[in-house]
Amino acid sequence: MSVDTRRPPSSAKAPDPIKTSESGMVGSSRNGHWWLYVILALALVVVIAPFVWMVLGSFKGEGELRQIPPTWWPEKASLDNYTQLFSRLSFGTYFLNSTIVAVVVTAGNLLFCSMLGYALAMLEFRGKKVIFAAVMTTLMIPGVVTFVPLFVLVANVGLVDSLPGLFLPFLVAPFGVFLMRQFILGLPKDLLDAGRVDGAGELRIFRQIILPLCGPALATLGILTFLGSWNNFLWPLVVAQSETHYTLPVALALYSTGQNSTNYGLLLAGATVVIIPILVVFLVFQRRFIEGIATTGIK
Amino acid sequence: MSLPTTATEVPAVPGDSSGPPAKPAGSRAGRREARAAWILAVPFCVLFLTFTAWPVVQSLFMSFTDTKARDLRNPFNVNIIGLDNFTKALGDPVFRKAALNTAYFVVIGMPLTLALALAAAVALDKGITRFRSVFRLGFYIPVITSIVAVAVVWRFLLQDPGGLINTALGWVGISGPNWLGDPSSSMPALIMMASWRNFGTGMIIFLAGLQGVPQSLHEAAAIDGAGVWQRFRHVTLPLLRPTLLFVSVTTAIGYLQFFEEPFVMTQGGPLNSTVSVSMYTYNQFGFGNYGLASAMSYLIFFVIAIVTAIQFRLLRERT
């Protein structure tokens, strides 16, 4: 079932000239159907409108944000929300916490999930079926159900209100194992045998032959894990109890929906800043990201 | 654990048959291989058993007890009450309402999201050749926008009067409903919002799947006189089926646990019209009824497992 869909980049590009000549044949412009651009552009406007409004809103004052009907362009644009964000809140601390947690969680998932994914896909050992069944089962169990037992566990080992308490429970995830296993299943088995003939041990085969081929899958897993950790809200809200351990979403939610009323300007400025690292990660990895899912052997 | 294990045998199927031929168990090479496998598996297994499996087992046990928040300090107060939590949940009118709402959300929202995702992916893959990465990023932006910001903006969009959506409807002479204030339009509003928020993920995965559809098949079909729709229906869709399976399974798992939208937008109102099973469960956790809430979670899991099994059956590749 796991058909190998990987192709060298050159052959992946190959169909392009044929495609343009074909679409020319059916009577559309060289760059595609113009009306499709119109529809897509309209859709794009609808899709990103809230995002644009968010960015524009971050330059507005509190009074203007509460105006009904809401305005698009700021009547009096100012950087007040941003200066407030960076001066009044210890933004650097939250940013650092979020980054540490997201990077550690992502690294853990990349390493441990690919290790087990390789073992599940390529090696024979007792207990293999049980491990995979357990992984798939937990993938389908609602996360909220383990929340309380997990919190009790973390509290019992004294990790509440600490950074390890924020990242340790998420160092591995069933999703990552599923993804890596599916991808590695699609790699040719000959690689393994070639390595063995050369006398390499299984661990060396993994490190020097398999891992380098997993780039796209690792990029996919990396982005999805980073995004999940970066936006994670409920767990850090409960576990990070002192301000020095807040992550960005927690700090933003707590400050902007403070004692009396929601401070929308601060909230929007914060949300705009928070999205930047994710945009960067997405832009850097998006080519590999798309390759990555195409080659996970999901077929 | 026997229940969850059997319930998930189905998704475990893909690829299982393609494992390497079994080596004689006693051979030296076989033993060395098994040892290497366990070295690779141990770090994951330790973390997984501690932070995932153990809480899962505890929560499963909890669902058969009358655990409340105060019992956490004194575990010996807990009584095993069998299936009482499950019967209580199923007999609770709000839980049933939540189940209906969730079904409504999934039945309308999932096809809508998949259709949007597929349409966007096909348009970006075959329809256009320029600005692809602009559209790709643009359509993905809702996925990566924080739910906090999404909630604020959508509340303004859905406002009545004065919200952007109703203003736009007014231009064409339609007077829009009080979206979040009216029980009959609150769920459609959340479905709209969820589809908007989630179709980007499906689109990215479909785009990846579409790269596996050979262009030569399209040309052959075009030469045979197949139109755009026929080519999509008879060439693209069959080849896309594995990807379709993956996207619909993961979307279903996510949508059956539909939680964030009502949580930030309506708190389940008005008149419980948007309360979802996950949200009701979450509230029960909040009230400290841990036993009951765990039972509700396992009811959700049970439905997810069934829906997943059905999807695997319907969309299985013909081999």
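I looked up the largest nonpolar core, which has 163 residues, a nonpolar core being a set of buried Ala, Val, Leu, Ile, Met, Phe, Trp, Tyr and Cys residues joined through C-beta atoms within 7 Å, where buried stands for 20 or more other C-beta atoms within 10 Å of a residue's own, C-beta atoms being placed from the backbone. The residues with the most contacts inside this core are A:Leu116, A:Ile184, B:Ala117 and B:Met296. Helix H8 (residues 183-210) of chain B gives the most to it, with 15 residues, helices being DSSP runs of H or I with at least four residues, numbered from the N terminus.

I then followed B:Ala117, which, leaving aside neighbours within four places in sequence, is in contact (C-beta atoms within 7 Å) with B:Phe199, B:Gly202, B:Met203, B:Phe206 and B:Val247.

I noted that this is a predicted model, in which local features need pLDDT of at least 70, side-chain atom pairs count only at pLDDT 80 or more, and totals for chains, interfaces and linings use all residues. Residues are numbered from 1 along each chain as its sequence is written, while chains are lettered from A and ligands numbered from 1 in the order in which they are written.

For chain B I found a mean pLDDT (the predictor's confidence in each residue, from 0 to 100) of 82, with 90% of its residues at 70 or more. Over residues 1-23 of chain B pLDDT stays under 50, although the model has 37 contacts beyond four places in sequence for them. Where pLDDT is low, the predicted coordinates should not be read in detail. For the complex, I recorded the predictor's ipTM of 0.78 and pTM of 0.77.

Technical notes: Buried ≥ 20, exposed ≤ 12 C-beta atoms within 10 Å, placed from the backbone. Helix = DSSP H or I, 4+ residues; strand = E, 2+ residues; numbered from the N terminus. Contact = placed C-beta atoms within 7 Å.
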